Amino acid sequence: MLLEPFMNTFRKTILVISILSLTSPLVFADTASPQGDGEMCNTPIAVPSAGAVGQPVIVTPAGFPPYLKNLANAKSVVLGAVGAAGTCDEQCKAYVEAIRQKSTIHKELQWILKNGSPAGKLFSAILIKKFDKTAGTQALEALQSEPEVIYFSMGGCVRGEKKTLGEHALWILKNPGVL
């Protein structure tokens, strides 16, 4: 009985966070501080990380910044903070940093698109689409035949899915308003 008012407030808060995550999947990531300290993305989550067991490490060219090395080796794609706590894994932090860099990393993204891990390729295509819709659409179309299975989530309180890279690319192409 004493906890009932608290539980009602908690349920409403979770509902609001869920609605926000559906309408604006990067709501948490976009609010990270401009200094790059990942203020809103400071707690790791339980999603497989780069170089996880069974995945070879992609050796990137000299001069690649750490955040792009992380994306090139990603094992999963999580585009925003997840859960009620708004936690963000290392790939999410790297993705946010790549967005901050804008189109200055186009050559590096093209390299990841050709040579990165399957999840790295999807991250790269998504970022290219953010900076150049036509080139990004072409990159996603090129990934449609890729058979590797990866985990993909928009972030928020909505659970992601494990599907082939090609299926994820096709879903993004069919739902252009989600990115």
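**A walk through the chain**

Asn 70 sits in helix 2, which spans residues 66-72. The model is a predicted one. Is Asn 70 buried or exposed? Its relative accessible area is 17%. Buried means under 20%, so Asn 70 counts as buried. Now look for Lys 93. In sequence, Asn 70 and Lys 93 are 23 residues apart. In space, their C-alpha atoms are 9.5 Å apart.

Step back to the whole chain. It has 179 residues, and 44% of them count as buried. Its secondary structure comes to seven helices and three strands. What pattern do these elements follow along the sequence? Reading along, the order is α-α-β-α-α-α-α-β-β-α. Take the contacts with a separation of 6 or more: residues 24 or more positions apart account for 62% of them.

How confident is the prediction? The mean pLDDT of the chain is 77. A value of 70 or more is reached by 69% of the residues. Residues 12-53 are another matter, with pLDDT below 50. In the model, this stretch still has 68 contacts beyond near neighbours in sequence.

Next come the cysteines. The count of disulfides is one. Which residues does the disulfide join? It joins Cys 88 to Cys 92, with an S to S distance of 2.0 Å. A disulfide is a covalent bond between the sulfur atoms of two cysteines. The torsion about the S-S bond of Cys 88 and Cys 92 is about -105°, so this disulfide is left-handed. Cys 88 and Cys 92 are both buried.

Finally, turn to a pair of helices. Helix 4 covers residues 106-115, and helix 5 covers residues 118-131. Their axes come within 8 Å and cross at roughly 145°. The crossing of helix 4 past helix 5 is left-handed. Which residues make the contact? From helix 4 come His 106, Leu 109, Gln 110, Ile 112, Leu 113 and Lys 114. Helix 5 supplies Gly 120, Lys 121, Ser 124, Ala 125, Leu 127, Ile 128 and Phe 131. Sorted by class, the contact of helix 4 with helix 5 has seven nonpolar, four polar and two charged residues.

Key
Residues are numbered from 1 along each chain as its sequence is written. This is a predicted model: local features need pLDDT of at least 70, side-chain atom pairs count only at pLDDT 80 or more; totals for chains, interfaces and linings use all residues. Side-chain values use heavy atoms; hydrogens and water are left out. A disulfide is a pair of cysteine sulfur atoms within 2.5 Å. Buried means under 20% relative accessible area, exposed over 50%, partly exposed in between (1.4 Å probe, protein chains only). pLDDT is the predictor's confidence in each residue, from 0 to 100. Contact means heavy atoms within 4.5 Å. Axes are lines fitted to C-alpha atoms, for helices over the stretch in contact, and angles run from 0 to 180 degrees between N-to-C directions. Helices (H or I, at least four residues) and strands (E, at least two) are DSSP runs, numbered from the N terminus. A crossing is left-handed if the near helix is turned anticlockwise from the far one by less than a right angle, and right-handed if clockwise. Ala, Val, Leu, Ile, Met, Phe, Trp, Tyr, Cys and Pro count as nonpolar, Asp, Glu, Lys and Arg as charged, and the others, Gly among them, as polar.
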